[in-house]
Amino acid sequence: MSASLNGILSVAKTGLLSQQLALQVVSHNLANATTEGYSRQRAELVPGVPILLPQGLLGTGVRVADITRARDAHLDLVYRRESAIFHGLATEHDALAAVELALGEPGASSLGSTLGAFWDAWSDLSNDPISPTARVVVVARGRQLSEHFHRVDGALDALRTQAVARLQGTLSEVNRILGEVAGLNAEIAGAAALGVSAPDLQDRRDDLLDTLSQYVPIDVTPRGTAGIGVAINGVSVVEGSLSQTVSLSAVGSVWSVQTSGGLTLGVSSGEVGGALEVLNDDFATLRAELDRLAQGIVERVNAIHATGVSPLGASGVNFFDDFGNLATVTAANFSLDGAIVANSLA
């Protein structure tokens, strides 16, 4: 009778303790209802280990086998993929918006407006070719045009420098996250070795991975003992408690991201991918188009100007400096020819 009563009390005790722990998990969920990155937890109740009696196996009540998270790995994958795409496009949009602001198009302070004033000055001169005032105005408008090209070129240089600095800061944050994820891998693996889960640590790790996906596209692969592997474009950057660092590299005017192991990451999305797209494609295209515009103006204006004769009888004079080779003309060196600067009436 005593043994039977002890068994009954033992089952009741384990049942109460297990339900008390389950209620504590529910309380923990309620307390973190608005916590960013928190996953709802659940106490996994399983029957106690039965005991063998002459009459058969007798149950010993209930126990909490583990505390697990209600988390969908597929939704994590989709979110991180779309997050990288969104933040890559957003980074490129912000950079191009800054370029648009620097160009000031359309507007009174835009390159188009300055160019229009230059053509208007030529139109006025064509109405009165011998007017000294009209000739001086043409030269002044030409100088203003060259200065505007220089300002736009300088603005693009400044924006590129800012983009590089911002990208370096982003990569520093990526390195911090990779190191922390590797550290959490070690802590979670330690808990797994004891036969238990670490849901709060797993939440912290997933929150870091969500943030990381804003910067670079990542592939997360489960490993043994509750660890994970993280790869960027197929290159492993976290394995268990080990992580690599990434850094910015430039060969000529081409920027790339490399791991501490010397591998180049082909990052095409995330803030890092967006920044690389801006540096290697958008800014390069804008600079090339700006230089092409400068070369076109020099070529056409000089071709017409050289056919004219000045009041002093000079002919074959260039209006803009072509440096002896039109291909060397850029927005940065766009300028009036020396003969025009020396004597605007020549």
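Author: Let's start with a working term: two residues are in contact when they have heavy atoms within 4.5 Å. Helices (H or I, at least four residues) and strands (E, at least two) are DSSP runs, numbered from the N terminus. This is a predicted model, in which local features need pLDDT of at least 70 and side-chain atom pairs count only at pLDDT 80 or more, while totals for chains, interfaces and linings use all residues. Residues are numbered from 1 along each chain as its sequence is written, and side-chain values use heavy atoms, with hydrogens and water left out.

Reader: Thanks! Which residues of α2 and α5 meet?

Author: On the α2 side they are Asp76, Tyr79, Arg80, Ser83, Ala84 and His87, and on the α5 side Asp206, Leu209, Asp210, Ser213 and Gln214. By class, this contact divides into three nonpolar, four polar and four charged residues. Here Ala, Val, Leu, Ile, Met, Phe, Trp, Tyr, Cys and Pro count as nonpolar, Asp, Glu, Lys and Arg as charged, and the others, Gly among them, as polar.

Reader: How do I read the angle at which α2 and α5 pack?

Author: Axes are lines fitted to C-alpha atoms, for helices over the stretch in contact, and angles run from 0 to 180 degrees between N-to-C directions. Angles under 35 degrees count as roughly parallel, over 145 as roughly antiparallel, 65 to 115 as roughly perpendicular and the rest as oblique. For α2 and α5 the angle is about 30 degrees, with the axes 7 Å apart, so the two helices are roughly parallel to each other.

Reader: And at what angle do α4 and α5 pack?

Author: Helix α4 (residues 132-193) and helix α5 (residues 199-215) pack at about 155 degrees, their axes 10 Å apart. That is why α4 and α5 are described as roughly antiparallel. Their crossing is left-handed, a label used if the near helix is turned anticlockwise from the far one by less than a right angle, with right-handed meaning clockwise. Residues of α4 in this contact include Thr170, Ile177, Val181, Leu184 and Ile188, and they meet a set in α5 that includes Leu201, Arg205, Leu208, Leu212 and Tyr215. The residues of the contact of α4 with α5 divide into 11 nonpolar, four polar and six charged.

Reader: Which residues of α5 are buried?

Author: Buried means under 20% relative accessible area, exposed over 50%, and partly exposed in between (1.4 Å probe, protein chains only). In α5 the buried residues are Pro199, Gln202, Asp203, Arg205, Asp206, Leu208, Leu209, Asp210, Leu212, Ser213 and Tyr215.

Reader: What span should α4 and α5 have?

Author: The expected span of a helix is 1.5 Å times one less than its number of residues. The 17 residues of α5 should span 24 Å, and its end C-alpha atoms are 25 Å apart, which agrees. Just after α4, Gly195 takes a positive phi of about 85 degrees.

Reader: What does Val220 touch?

Author: Not counting residues up to four places away in sequence, Val220 touches Arg80, Leu209, Ile228 and Gly229. Val220 belongs to strand β5 (residues 219-222) and is partly exposed, with a relative accessible area of 31%.
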